[in-house]
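Let's take a quick tour of a protein model. Keep the 3D view open as you read, and look up each spot as it comes up.

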Amino acid sequence: MAISSIFDGGELRRQFHSAGISPNFIPFIWKYVVQNPNCDWDDITSLPSAAYPLLRSHFKPSTSSLHTVIDSSDNVTTKLLIKLQNGSFVEAVIMRYDTRLGKYGGKPRPGGPRSTLCISSQVGCKMGCKFCATGSMGFKSNLSSGEIVEQLVHASHFSQIRNVVFMGMGEPLNNYSALVEAIHIMQGSPFQLSPKKITVSTVGIIHAINKLQSDLPNLNLAVSLHAPVQDIRCQIMPAARAFPLEKLMDTLRTYQTNSGQKIFIEYIMLDEVNDEEQHAHQLGKLLETFQVVVNLIPFNPIGNLSYFKTSSEQKVARFQKILRGTYNIRTTVRKQMGQDISGACAVHFRFLVEGIELEFGSSPQLKSEKVSNDFSSN
């Protein structure tokens, strides 16, 4: 039987309960492991005597290992290649930025250095989105809650993580139980992440969205819509057949009514597929009764995905102008970092979480680049 990660919280609580050990020791153990990743269980003092044999026989401080660390030439993006216990690999990307480079409400913003971590939830993905390299590899396995949290632990040794976005490999809501448990752990000691600093991106798993607001209140929800009508959505996102657009929008309306939060809409721009003026008007009409932020994502052809073409800057600008001017929908264009290390996941979203509108021309480190799709699944 495989040894569990110490961050598999449900299993740890079950084992402690069976042994009559108070769960109050768990945050203390987690804090020690985060600060001492190569520790032995006997190094942790002040635990009940029954805890030590239990920990030795059932748990490891980490079931994953940091295989490769790649820093981008932009000096603000780092990709972590993480090897799991079963030999599979997942990626996590650290994105550093400075809030003082941005504006809030048109005024200079105080602040300082911040870091966002883009996390994977699965090895591969079963959604099969045709513009996504992760989708083309198929589904391999779900990550445990511990394997999800361990990405944050590894990253925390490089940078203090302020935000977490589930926009890496996999469809997070297809690994729902592990996702919820991992986020609960991230919100508690020793990580203490605010739910408002955590974002889950989904292609639109309706039954899971219906549960999400009650299980994880105040979380940011991002929906990979990518088309304003069902037919186009099914052409580029085969899984959309199981989640009809009309039902998805009804689900999002209920979610927004219950949560009172804006929803982030991800929309990849594919030339002559979903980027014409008529599509902008269709999208505007679809979303005009919602409180949303639409993030337009210029597509970067890679590998076997090259049968899609990148929308021109003029088309993207016109699309954005229609959404903003005609429908008064807040719309951004994704700016990317880490493209040279294939680490350009949903980078622009980290600024939206912070409530920042960046002027990207003001810094050579924050230049506009096309999106790379070989990391992000959504």
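Here's a short briefing on one helix pair and some aromatic rings. Keep in mind that this is a predicted model.

- Start with helix α1 (residues 9-18) and helix α3 (residues 51-58), whose axes come within 11 Å and cross at roughly 140 degrees.
- As for handedness, the crossing of α1 and α3 is right-handed.
- On the α1 side you'll find Leu12, Gln15 and Phe16, which meet Leu54, Leu55 and His58 of α3.
- Sorted by class, this contact of α1 with α3 has four nonpolar residues, two polar ones and no charged ones.

**Aromatic rings that pair up**

- How many aromatic pairs does the structure hold? There are four.
- In one of them, the rings of Phe7 and Phe191 have centres 6.1 Å apart and planes at 55 degrees, so this pair counts as tilted.
- Phe7 sits in the loop between β1 (4-5) and α1, while Phe191 sits in the loop between α6 (176-187) and β12 (198-202), so the pair ties together parts that are 184 residues apart in sequence.
- Are these two buried or exposed? Phe7 and Phe191 are both buried.
- Phe7 and Phe191 also belong to one aromatic cluster with Trp30.

**Another tilted pair**

- Tyr267 and Phe319 form a tilted aromatic pair too, at 5.2 Å centre to centre with 35 degrees between the planes.
- Tyr267 is in strand β14 (residues 263-269) and Phe319 in helix α11 (residues 313-327), so look for partners 52 residues apart.
- Both Tyr267 and Phe319 are buried.

Technical notes:
Residues numbered from 1 in each chain as written. Predicted model: local features only at pLDDT ≥ 70, side-chain atom pairs only at ≥ 80, totals over all residues. Heavy atoms only, no water. Axes fitted to C-alpha atoms, helices over the stretch in contact; angles between N-to-C directions. Helix = DSSP H or I, 4+ residues; strand = E, 2+ residues; numbered from the N terminus. Left-handed = near helix turned anticlockwise from the far one by under 90°. Contact = heavy atoms within 4.5 Å. Nonpolar A, V, L, I, M, F, W, Y, C, P; charged D, E, K, R; others polar. Phe/Tyr/Trp six-rings, centres within 6.5 Å; stacked < 30°, edge-to-face > 60°. Buried < 20%, exposed > 50% of the residue type's maximum accessible area, 1.4 Å probe, protein only.
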